[in-house]
Amino acid sequence: MSNSPASSKIAPASGKLGILTPGLGAVATTFIAGVESIRRGLAKPIGSITQTATIRLGKRTENRAPLIKDFIPLADLKDIVFGAWDPIPDDALTAVRKAGVLEEKDVAPIADFLASIKPMPAAFDNHYVTRIHGTNVKTGKTKRDLAEQLRQDIRDFKSKNKLDRVVMVWCASTEIFIKAGPQHATIEQFERAMDNNDEAIAPSMLYAYAAIMENVPFANGAPNLSADIPALLQLAQQRGVPLSGKDFKTGQTWLKTVIAPGLKARMLGLAGWYSTNILGNRDGEVLDDPQSFKTKEESKLSVLHTILQPEKYPDLYKDFSHVVRINYYPPRGDNKEGWDNIDIFGWMNYPMQIKVNFLCRDSILAAPLVLDVALFSDFAQRAGMKGIQEWLSFFYKSPMTAPGLQPEHDLFIQQTKMKNTLRHLMGEDQITHLGLEYYS
Ligand SMILES: NC(=O)c1ccc[n+]([C@@H]2O[C@H](COP(=O)([O-])OP(=O)(O)OC[C@H]3O[C@@H](n4cnc5c(N)ncnc54)[C@H](O)[C@@H]3O)[C@@H](O)[C@H]2O)c1
C-alpha cells in the first residue's frame, strides 16, 4: 500500500464490516454462500475485481502491478458479517436450496452457517412487487414508522455483532416503474410524503433513507429508483454517505457494453439490435409483471444510445432499432439464455450480422458484483467520499450520475475510471497510455 499524503487520510479497514441486503433470494444467497466457501478455502473468488484483479502503477518499465486488495485498504473477507431482510421467512439455507443456483455438494459443507442467517421482517408492499406474497413483513401506521424500524434494525445488527461499519446492497425484487416527482424533490417533501403514506414512496426508498440516516453506504443492484432521487442525494451529501447504482450489469447488457464500443471504435454502423431472454427464476417471475419489466426495460435500453452517440455519428447510428424482451420460462431456473441479433453495416453500406447466444447463470454473474460494490462502498466512505460514486459505474447497467450528466456505459472507460480513481486516492499517477516513456 502507498504511504502518500493522499492515502494516509484513508481510515484503515479495522474491525468487522456488516453487509446488509434487503432481499435474501437467489443473488444474495449465492453471494453469501460464495464468500463463506472462499473463507473456508472451498472456492476461489472468480469474477470479483476486489479479490482477483491487479492494478498497474507507474510506468510499464517499473513492473508494479499489485492486487487491488493489496493496494488499497479493503475489508478482509474474514471480517464480514451478513444480515438481510425478506418478506419470505426462509433462512439462507432454505432460500439457497429454493433458488436452485448452487448444487448440494456446494451447499452441504456450509449448511450450518447458512441456516444461521434468518431474514428480518421486511418493509414490503405488494403494490410495488405484485408477484411476491410474504408473511415476514413489518407493520406500522406510516411509511416513516417503517423507515424508523429499519433504522433500529441496522443499529441492533451493528451492536449485536460488534460491528465497526455497515454497508447495504439492495438485492431485492425489482419494483414497479416510478418516475421521480415532487415528493422526491427535497428531504422535507420526502419526509412529509412518508408521513402521508404517499404512493410515490416505494419500500426500497425507505431502506435507502434508513441507510443514509444511519451513515451506511447504499448500493442498488436493481433498477428501481431507490436512492436515485434528489431528496436522498441531498441527504447523502449532507451526511457524508456514498451511494451507487443502479442494476447490476451482468449478462446481456454487460456483453452489449463490450460489443457496442468495439463497433464504434471501428466506425461500423448499426441498423438494429434485438435482444431476447428466457429465464425461469423468481426474478423472471417478478419481471413477468409488466410494471416491473418496464423498470428493467428502461435500464436495459439506455446503454446503446449513450455509447454510440447517434447525434455525433448520424450516418452510422441514427434511428437504429433496439428491442429487449424477457420471457419467463420456468424450466430454465436461474440458467438464463440470451440471444442477440445485431444488424450492422460497413464499407459502402454492406450489411452484416452478429449472433450471440449466451447461456449464462444470472446469480453466478451477479454474486461477485455484490461483494465488490459492498467492499468498494465501505472503502469510499473511509476515504471521505460521499454522494454518487460514479467510479463504480463499472458494476451497473444504469449508472447514477450527477443531475444533468450522461452516464458512462462503455465497460472499458468505466474500468479506466475505476482504476484511475483508486490510483488518485492512493497518491499514484494516472495511467494515460501515452507511450512516450522511451522518448523522455
Ligand atoms: N442476477 C442477475 O444477474 C441480476 C442482474 C441485475 C439485477 N438483478 C436484480 O437483483 C434483484 C435480485 O435478484 P434475484 O435473482 O436474487 O431475485 P429473487 O426473486 O431470487 O430474490 C429477491 C428477493 O427479494 C425479496 N424482496 C422483495 N421485496 C422486498 C422488500 N421490499 N424488502 C426485502 N426483500 C424483498 C423477495 O421476497 C425475494 O426473496 C432483482 O431485482 C434483480 O432484477 C439481478
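Two residues are in contact if their C-beta atoms, placed from the backbone, lie within 7 Å. The model is predicted: local features need pLDDT of at least 70, side-chain atom pairs count only at pLDDT 80 or more, and totals for chains, interfaces and linings use all residues. Numbering starts from 1 along each chain, as its sequence is written.

**View A. Pro 310 in the loop between α14 and α15.** Pro 310 lies in the loop that joins α14 (290–308) to α15 (314–317). Helices here are DSSP runs (H or I, at least four residues), numbered from the N terminus. Beyond its neighbours within four places in sequence, Pro 310 is in contact with His 305, Tyr 317 and Lys 318. Pro 310 is partly exposed, because 15 other C-beta atoms lie within 10 Å. (A residue with 20 or more other C-beta atoms within 10 Å of its own is buried, one with 12 or fewer is exposed, and one in between is partly exposed; C-beta atoms are placed from the backbone.) Val 370 is 60 residues from Pro 310 in sequence and 33 Å away in space, C-alpha to C-alpha.

**View B. The buried side of α5.** Helix α5 spans residues 92–99, and its buried residues are Ala 92, Leu 93, Ala 95, Val 96 and Ala 99. They cover an arc of only 165° around the axis, so they sit on the same side of α5. (The arc is that of the directions from the helix axis to the C-beta atoms.) Residues three or four places apart point the same way because an α-helix has 3.6 residues a turn. The cover over the buried residues of α5 includes α2 (26–39), α6 (104–107), α7 (111–115) and α16 (362–382). Just after α5, Gly 100 has a positive phi of about 70°.

**View C. α2 against α5.** The two helices pack at an angle of about 115°, with axes 9 Å apart. That makes α2 roughly perpendicular to α5. (Axes are lines fitted to C-alpha atoms, for helices over the stretch in contact; angles run from 0 to 180 degrees between N-to-C directions. Angles under 35 degrees count as roughly parallel, over 145 as roughly antiparallel, 65 to 115 as roughly perpendicular and the rest as oblique.) From α2 come Ala 26, Thr 29, Ile 32 and Ala 33; they meet Ala 92, Ala 95, Val 96 and Ala 99 of α5. By class, this contact of α2 with α5 has seven nonpolar residues, one polar and no charged. (Ala, Val, Leu, Ile, Met, Phe, Trp, Tyr, Cys and Pro count as nonpolar, Asp, Glu, Lys and Arg as charged, and the others, Gly among them, as polar.)

**View D. α10 alongside α11.** Helices α10 (residues 203–213) and α11 (residues 230–239) pack at about 15°, their axes 9 Å apart. They are therefore roughly parallel to each other. Ala 208, Tyr 209 and Ile 212 of α10 make the contact with Leu 232, Leu 235, Ala 236 and Arg 239 of α11. Six of the residues in this contact are nonpolar, none polar and one charged.

**View E. The buried side of α9.** In helix α9 (residues 187–195), Phe 190, Ala 193 and Met 194 are buried. Their arc around the axis is only 105°, which puts them on the same side of α9. Among the elements covering them are α8 (143–160) and α11. Asn 197 follows α9 with a positive phi, near 50°.
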